[in-house]
Amino acid sequence: MNLIENHWQIPVTDGKIDEQLDTMKAAGLDFSPAFLRLCINRGLDSVDKILEATNPEPQLYHDPFLFYQMERAIERLHQAIAAGELILIYGDYDADGITSTLILIEALEELGANFTYYLPNRLIDGYGPNIERYQHFIEEGVRVILTCDNGVAGFEAIEYAQSQGVDVIVSDHHELQETLPSAYAIIHPRHPEGHYPFGELSGAGVALKLAHALLGELPINSIELAAIGTVADLVSLTDENRTIVKSGLKLMSETLRIGLEKMLVEESVDLRKINADTIGFVVGPRLNAVGRLGDPTPALELLKTIDDIEADHLLQKVNEQNKKRQAIVNDITQQVMEQIEHYATLPPIIIAAAPNWPAGVLGIVASKITERYHRPTIMFEYQQAEQRFRGSGRSIEGINLFDCLTENKTYLAQFGGHSQAAGLTVLENEWENFKTAMLSTMANYQAVFEQPKTLNVDMALPLTIATEEFVKECQLLAPFGMDNPKPVFAFYDVELQQKRVIGNQHQHIKFSIYKDDTSIEGIGFSKANLFSPINLDETFSLIGYLDINEWQGNRQVQIQVLDAKVKGIMIRDFRSSKFNDALLKNRNTVFFYQQPNLKKWLADRVHPSNTMISYDEWLNNQALNLDLSHIALIEAPKNIEQFNRLMLNSNIKLVDLGVYLTESKWLAGMPSRAEFAAVYRWILGQKKGFDISKAIQVLSQQMNLPVTKLKCIFKVFFEVKFVIMKDGLTVPLPVDKTVKVDLVESKAYQLYEQSFKTEELLNYQTIEQIKQYINELRKN
């Protein structure tokens, strides 16, 4: 369990916010004060900015001829069309590349061009321009190559084509390297010699601008394709991209593309409520799945076809590939996690490879591993026949993966991508050098790994404000995505009313919270572990999105939790009448025990990342270099003083409370003077002595006393010499009546009483009561 507490970054507003609200109200903005505060916190601090951000029909389209070399590219394409030259559209295998290609196909079809298209098979052709594939098409008579969503890293293939008298027009949006290929024209929103006003277009967005310039008007039917590519490729949803996606979603709700409509209907998407998540979680993954596992052409044909029967066939194929992709991703992720669990320490970058891992799915796996372990991750498929490793990488906030690869490009056959994601190829003879170099580079980022993850929060919100009307206002800021995230709200000091683990792997959580006479339900996807140390009726804080959940005609506001925090120490309750084996699944935990024989028993059963130590051993040597952030109390300490000294260690963040008992002193109760006297009278009647084990059983029945209490009474009597052992029997001794013996001062009684009090706190109080005890202890 990750105990590095995330940092919630909430905007700090100055005292002028009330003035701003008054100004906005006076200007006629008919929004709630809470929504206006949200807008101001998101940088929408003027009437014009708010109106633009909430405009349901934005019309911001920049002039396509503001692109550097756009006129040159369009002139060459029109020349080729007029001359009947064969044009090759060379696309890419992901959703952005597929939609880019189709946008250009439909534009060239409308102009009656002589063209063909090709989507590279990532398993055969790799990413970007492929010299062998270019050579094949040139031999087939291609005279112009028009790339989309690729090309700026295709130096060798483009140079070859140009040397053969074939003009290559690159349209791309990926990161630019220090030099550019020698193409006829490069259409790129961030071209170093260009001045296009918005640099964050997707590949499909660039293709839309190229089609606009080529046709002389905006191709309306292509906007939904550009919206799919824009959302699927995780580019900024601001400026022109907001217009593309907002308009595209509206077109998707009435789409004439029968393949797309069938996909949405089959996935039970309400066409009236299509949003960016529809692309992100339904359309995009299915288009991507086909290209991840082989030839992506069926995905393009599904969007292109006008034949109903063909659409059914293609959709079935796409869905089958998506299910296959999901299974492969889950299997590889599990393999990698099992490998990592055996690492002695977590390295600064996780690099893993195997010959049976399809390169096309490794970006998804890398994302999952990066998210789980907070480390940059690069996953590779080892291709033995080609003697190379092909992979995908993902990074974390604060580490630019593209820059790190650029620093080590000596060891790379090919690479490209962005700050947080990259694709690359490493030849086998450079493999070890590459790994060593990347480990060395990433070792400089140790401070980044140790920093808590920053989660941006838009504002703190009382539960009473989280109404359906407020959520509807927030939805005016959609579409949500990169640079325009869903609003995240913080709810402080709420009470957990209910929680229930759901999911086939018990990974999700449903819950409800309460404050100020208001209850709201919530859900957390893959957040069950987050709630494990939060107990019912406990006060905690959480952050998350607000949505409207509809079920069987009922609508209610729901929180989708992102993170949660508990004030002070966290305690997970593993107490049970039987030993709770779930405790043994812990990692990186210090297990505290009392009985010496438990150390080996634990060592044989727990993960090697754990440490076992007795309470006495720790108290006698607190200088031990132990990470006490997560501890587990297998047994209770022998007295409250031991527990207090342990809890005063401020490094302890999470306590797993097992405190298993073989017998309970608290349930047995403290021996009374009358019970001591009754047992002693019985002993005096046993002149010849007695077997103590049998006697305890007899007395328990006769006097209705718990065995545990009787054991204490006899230990006291042995200590004060009321009885002794003689010839294997317990016999009474004469008592000097002139000497007063205070039984409660005996060591045996004192030890029993100390255990009794420790049990009373740790075994029979609620978790909230124990937390209150610890918090008071730490205050004092």
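This report looks at one helix and at one pair of domains in a predicted model.

## Ground rules

Since the model is predicted, local features need pLDDT of at least 70 and side-chain atom pairs count only at pLDDT 80 or more, while totals for chains, interfaces and linings use all residues. Residues are numbered from 1 along each chain as its sequence is written, and side-chain values use heavy atoms, with hydrogens and water left out.

## Helix H6

H6 spans residues 131-139; helices here are DSSP runs (H or I, at least four residues) and strands are too (E, at least two), numbered from the N terminus. Tyr-134, Phe-137 and Ile-138 are its buried residues, where buried means under 20% relative accessible area and exposed over 50% (1.4 Å probe, protein chains only). They sit on the same side of H6 because they cover an arc of only 100 degrees around the axis, judged by the directions from the helix axis to the C-beta atoms. Glu-132 and Glu-139 are exposed on the face turned away from that buried side.

The buried residues pack against several elements, among them strand S2 (86-90) and helix H7 (155-163); contact means heavy atoms within 4.5 Å. Just after H6, Gly-141 has a positive phi of about 110 degrees.

## Domains 4 and 5

The domain assignment, automatic or from a database, includes domain 4 (571-660) and domain 5 (665-759). Their centres, taken over C-alpha atoms, are 32 Å apart. Five residues from domain 4 and four residues from domain 5 make the contact.

Together the two bury about 350 Å², 61% of it on carbon and sulfur atoms; that is accessible area (1.4 Å probe) lost on putting the parts together, summed over both. On the domain 4 side, Lys-638, Asn-639 and Ile-640 lose the most area, together 78% of what that side buries.
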